[in-house]
Amino acid sequence: MGALARIVRSGCSLASQALCIVHPPGRGPALPSSSSRLRCEGLSGRVRKGVCIGKAILASRWRSQLVASVGIAWTFIRFRACLGAEFCGRLSVQQKKTSSAFHTCSVHETRARSQLAMTEKQPLPYVVTPITPHFGGEVRGFDLKGTAPLSPAVVNQLKEDMKQYRVLVFKGQGQISGERQVQISQQLGEIESTFYKHPRSPHPDIFRVSNDEGEGCTGVGRTGWHVDGTFQQKPFKYQTMHFHSVAEGGDTWFVPLKELYELQDEETKSRWERLWMLTGRGGFTHPLVYTHPVRRDTTLLLHCGRPFCSGWALDDDNVSTKQRRIARLLPAHEIQDELTAKLDAAVDTIGIKMRWEEGDFAINDNLGNAHYATPGTQGSRAAVGLRVLHRTTVAGEEVPEKEDGRRSFVLRE
């Protein structure tokens with residue numbers, strides 16, 4: 001009988017431990033025993049009662065060990081059955097919750113995929129065909145004409161594409177009115193017009209350029225490689241160029257300035273980093289090498305035309321670039337000639353010699369490219385035909401700033 005009692009006590013102990021695991025203490029009601037009130041924890045009333053009766057039987061010395069063993073064993077069996085049923089019930093509830101949560105996630109995922117599919121199906125306003133692997137893009141089959149402003153989607157894509165391509169050419173635009181060209185330009189930024197207004201210009205903000213002085217301003221862009229607006233504190237951000245008529249050989253050359261800088265050896269890069277261009281107009285002095293305000297890569301600010309540069313300032317070679325000061329001044333032609341030679345060589349390797357067609361409408365990143373009007377742009381009208389270009393300029397938004405934080409300034413001698 002001792003062995004049976006040990007088994008019963010072991011079973012009761014296991015049952016009691018299982019009760020404590022499944023049901024935290026402090027939640028079950030008290031039931032009477034022979035000597036005191038025994039606290040039975042959790043589960044259903046029938047199981048709780050059976051377990052506590054079993055404990056009471058064990059505590060009663062006048063009960064025989066056999067009766068106690070049978071009672072406890074019966075109670076333990078009932079306990080296990082009820083425990084299994086209750087556990088399965090809890091598991092079923094948890095499975096339902098998990099299934100519900102999974103269903104909710106599936107719904108959200110399905111909606112997200114649906115929205116993504118809808119976005120992917122929406123066509124881009126236009127498609128750009130690269131002109132070179134690293135810059136320049138051409139757009140065909142998209143009409144810029146109209147009276148309503150360009151949609152926000154088109155304007156946003158234009159700005160993003162200008163960051164990537166730096167010059168975009170919309171082909172086959174016919175003759176866009178001056179008012180429409182100005183409207184498009186205003187959607188890219190604030191128009192800033194600093195040029196002579198030719199009598200044939202269709203709008204006060206249109207700079208009309210030609211190889212015939214009766215049709216427009218002549219000799220424009222012929223003084224050398226340049227960035228427009230270097231005489232200002234904030235050089236122009238963009239130009240738009242619309243060709244109403246083209247002349248044979250009237251090409252414009254473009255060189256991307258980031259790539260021009262990267263072509264140089266380390267000694268040249270180091271020297272260029274120390275150079276500042278004196279404009280001689282308004283007194284502004286600009287860094288030759290600085291950070292592009294939109295693309296955030298390296299670019300250059302230069303003008304190789306003699307009237308637009310009065311000289312160059314050279315920094316000392318202090319290791320701390322922020323502490324550098326002007327060491328000496330150099331004549332304008334010394335650096336202009338060097339830059340001209342570099343640009344002339346680079347246009348054949350990294351640049352574009354743009355051969356315009358009538359109806360072309362171009363947008364140029366003025367701060368990312370240097371450009372140059374070739375001699376053919378001023379060829380005789382009788383020999384090469386009439387050239388008419390309508391140009392707008394969009395104001396710059398930031399003062400040129402070097403990587404170390406130094407900015408354009410007025411040099412006071």
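Two strands are counted as paired if DSSP finds at least two bridges between them; helices (H or I, at least four residues) and strands (E, at least two) are DSSP runs, numbered from the N terminus. Please keep in mind that this is a predicted model, in which local features need pLDDT of at least 70, side-chain atom pairs count only at pLDDT 80 or more, and totals for chains, interfaces and linings use all residues. Residues are numbered from 1 along each chain as its sequence is written, and side-chain values use heavy atoms, with hydrogens and water left out.

1. The sheet. Seven strands make up an open sheet of mixed pairing, in the order β3-β4-β5-β16-β7-β18-β6. The edges are held by β3 (128-130) and β6 (207-210); each has a single partner strand, so one side of each lacks a neighbour in the sheet. From one strand to the next, the twist averages 25°.

2. Pro130 has Gly137 in β4 as its bridge partner.

3. Helices on the sheet. Contact here means heavy atoms within 4.5 Å, and angles run from 0 to 180 degrees between N-to-C directions, with axes fitted as lines to C-alpha atoms, for helices over the stretch in contact. Helix α4 packs on the sheet and touches β3, β4, β5, β7 (238-245) and β16 (361-365), its direction making about 125° with that of β5. Helix α5 (residues 178-188) also packs on the sheet, touching β7, β16 and β18 (388-394), and its direction makes about 30° with that of β18.

4. A helix pair. Helix α7 (residues 266-273) packs with helix α8 (residues 332-346) at an angle of about 135°, the axes being 13 Å apart. That makes α7 oblique to α8; oblique covers whatever is left after under 35 degrees (roughly parallel), over 145 (roughly antiparallel) and 65 to 115 (roughly perpendicular). On the α7 side, Thr268, Arg271 and Trp272 meet Ile335, Glu338, Leu339 and Lys342 of α8.

5. Two arginines worth a look. Arg166 is not a glycine, yet has a positive phi of about 70°. Arg166 sits in the loop between α4 (152-165) and β5 (167-170) and is buried, with a relative accessible area of 1%. Arg296, likewise not a glycine, has a positive phi of about 65°. Arg296 belongs to the loop between β11 (289-291) and β12 (298-300) and is exposed, at a relative accessible area of 54%. Buried means under 20% relative accessible area, exposed over 50%, and partly exposed in between (1.4 Å probe, protein chains only).
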